[in-house]
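Let's walk through this one together, question by question.

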Amino acid sequence: MMKKLAMAAVSLLAVGCGPSDDDGDGIADGIRDPNNVSVVVPSTPRGTVSGQVLTTQQRPLPGATVTMTIGSTPSAASATTDEGGNFTFQNVPGGAEVLLTFGKDGFSSLRATSIVPTSAGNVPINNGNASFGPVLLSELNGALKVYVFSPDGRPAAGAQGTLEVDPAGKVLFGASERTTSTVVVEATADAQGLLTFERVPRPAEMQRLQGEYRLSVAALDVNNDGVFEAGGKVVTYSGQALLESGTQRTESLPYAYLPEANLGISHSSIASLKGGSKDPIFNMVRSGEGVSIVFNQPVQPTSVIVGLTDEYSGQLLGFTKSVSGGGTVLTLQPDLPFQPGKEYNLALRAVALNGSATGATQYSNTVSFFGGDLFQPQFTTIESVQFRDVKPAVGYVNGQLDPNEQVYIHFNHVMSRYGAQTASVFFNADLDGNGAVGNAVGEVGNKVGFALLADEPLAPLVTRTPPEEPVFTITASGFTTRYSFRYTGTRPVDFASFPGGVPVVVSFSSIKDPSRNGYANAWGVSQVSDMTTALYNTGAIPPLP
């Protein structure tokens, strides 16, 4: 708002006396030299605040109340506009920041701030004036009706709507320091989905003010069960648009989810559920924590089927299941904590609550995930060593490691192999029976050992015919705690000579260029140090019947 300054009179006192001739400086010359000018400065300058209040048709608005607040002073002064819509506040401290609130019953309100001037340029003044206006206030004698429908075409009964009309008033000339004038009306849709907003400016008034109507309809949850039957919507109408097309509108609320989207997972600590990487660092669940799965739309709680197993999928693990968040959040809390570095399998099936316009209404997936905290990497060690006895035949004896039998090495954490080279496994034993260690393949001291390969289980350990079946079908993740090698020695391993078990060395240090070849654990840490263990004849897995 333009500030109008009333200049105070400046007293010019010529000091001294003498002829009134002037040497050209505009001041009568006296007997004293040099000539000078003295300015009378008010010690406590005061001023006025005044203005005019009009309708949007720019007609005077008498009887409007104007309330003035000075700075942070809690008390306020008030005035009432006269027949010409004018008002004045006298004796206002100069330099004060004033806040004026304009209003009248049946009209919008407006707030504006300004500062009472105390100078004109570099010249101090008294009786400065802060002028407001003319201020235009719109009349609240209009109404807007909006029919709101759900995505399925039914009336959105109970929908909550808010209409903001802005600006509902303005300062006609210029602008004050700050000006605001907004009308806010709320309404609830009736059984026909009708939102009625009353006591708002008519479109003709908003067209003159160049204002707009902003309608906000909240997402619709009819029975407050957390399931949103429709999403929210925000739409804006200009004063001119409603003036031309009328004040009755129809709006359709969107789906609370994308109607063309397949039922899927929007958030989860298990990235592979969302089709992401299978790497453990993206699929870790801390020990003691559960699994949270957020669907991209509500699901039928009774349709959610979950299975949880260990790496072998031999038996179901116990857990507690809950569906919340209006059918969008699934929480699984295991009976026992997930162990760091171990692999688990999750089977999940669910059906969308409301269906989908074009997308799939069912979600079904089986994925692997891993226990552990990404920020607390742990050391990898060997947990156990076993070998599979072959059914007795010529040269084969139960309970001893015979040539071509498979040896399984179980690590405490999953690992994956990268690159082309493999680690070598050596026995610190005389495998060929020539009385020396190191001169046969697979003996410590030899350059050639047995290749350590991943042997990821996709089913329980086979102990019978027909073999055990997994609880549910699982797929390879590329990470496993089980590795194996085939013993290709020419003679059975002599356990009798090693009551403390036959020493076995897994030589990770035999890998050349570990930056390109090697084994990495669940935290992505490469294993470069050798590991030692012992193989006992009690570690034999019985042959299949």
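Q: In which strand is the place of R199?
A: Keep in mind that this is a predicted model. Phi of R199 is near 55 degrees, positive in a residue other than glycine. In general, most residues other than glycine have a negative phi. The place of R199 is in a strand covering residues 194-200, namely β15.

Q: Does R199 count as buried, partly exposed or exposed?
A: Buried would need under 20% relative accessible area, and exposed over 50%. R199 has 47% relative accessibility, so it counts as partly exposed.

Q: S313 has a positive phi too; what is its relative accessible area?
A: Phi of S313 is about 55 degrees, although S313 is not a glycine. This residue is found in the loop between β22 (305-310) and β23 (319-324). S313 is buried, and its relative accessible area is 0%.

Q: Between which strands is the loop where P466 lies?
A: The peptide bond from T465 to P466 is cis, and its omega is near 0 degrees. P466 lies in the loop between β31 (453-454) and β32 (480-486).

Q: Which strands are the edge strands of the open sheet of four strands?
A: The order in this sheet is β30-β29-β33-β35, with antiparallel pairing. An edge strand pairs on one side only, and that holds for residues 450-451 and 531-535. These edge strands are β30 and β35.

Q: Which residue of β33 is the bridge partner of F426?
A: Strands of a sheet pair through backbone hydrogen bonds. Here, β29 (residues 424-427) and β33 (residues 502-507) pair in the antiparallel sense over four bridges. The bridge partner of F426 in β33 is V505.

Q: Which residue of β34 does Y418 stand opposite?
A: Strand β28 (residues 406-418) and β34 run antiparallel, joined by four bridges. Y418 stands opposite G518.

Q: Are the residues of β34 that point either way from the strand buried or exposed?
A: From β34 (residues 518-521), G518 and A520 point one way. Y519 and N521 point the other way. All of them are buried.

Q: What is the area of the nonpolar surface patch made by I281, F282, L374 and F375?
A: Take F375, whose place is in the loop between β26 (362-371) and β27 (382-388). With a relative accessible area of 68%, F375 is exposed. The patch that I281, F282, L374 and F375 make is about 410 Å².

Q: Of the 545 residues of the protein chain, what percentage count as buried?
A: The secondary structure of the chain comes to two helices and 36 strands. The chain exposes about 26,700 Å², of which carbon and sulfur atoms supply 52%. Of its 545 residues, the part that counts as buried is 42%.

Q: What is the mean pLDDT of the protein chain?
A: Some stretches call for care: pLDDT stays under 50 over residues 1-20. Over residues 22-41 the pLDDT is below 50 as well. For the protein chain, 88% of residues reach 70 or more, and the mean pLDDT is 88.

Methods: Residues numbered from 1 in each chain as written. Predicted model: local features only at pLDDT ≥ 70, side-chain atom pairs only at ≥ 80, totals over all residues. Heavy atoms only, no water. Pairing = 2+ DSSP bridges. Buried < 20%, exposed > 50% of the residue type's maximum accessible area, 1.4 Å probe, protein only. Patch = residues over 30% accessible without salt bridge, like charges linked within 9 Å, V, L, I, M, F, W, Y side chains within 5 Å. Areas by Shrake-Rupley, 256 points an atom, 1.4 Å probe, with all protein chains shown as cover. Salt bridge = Lys/Arg side-chain N within 4 Å of Asp/Glu carboxyl O. pLDDT = per-residue confidence, 0-100. Contact = heavy atoms within 4.5 Å.
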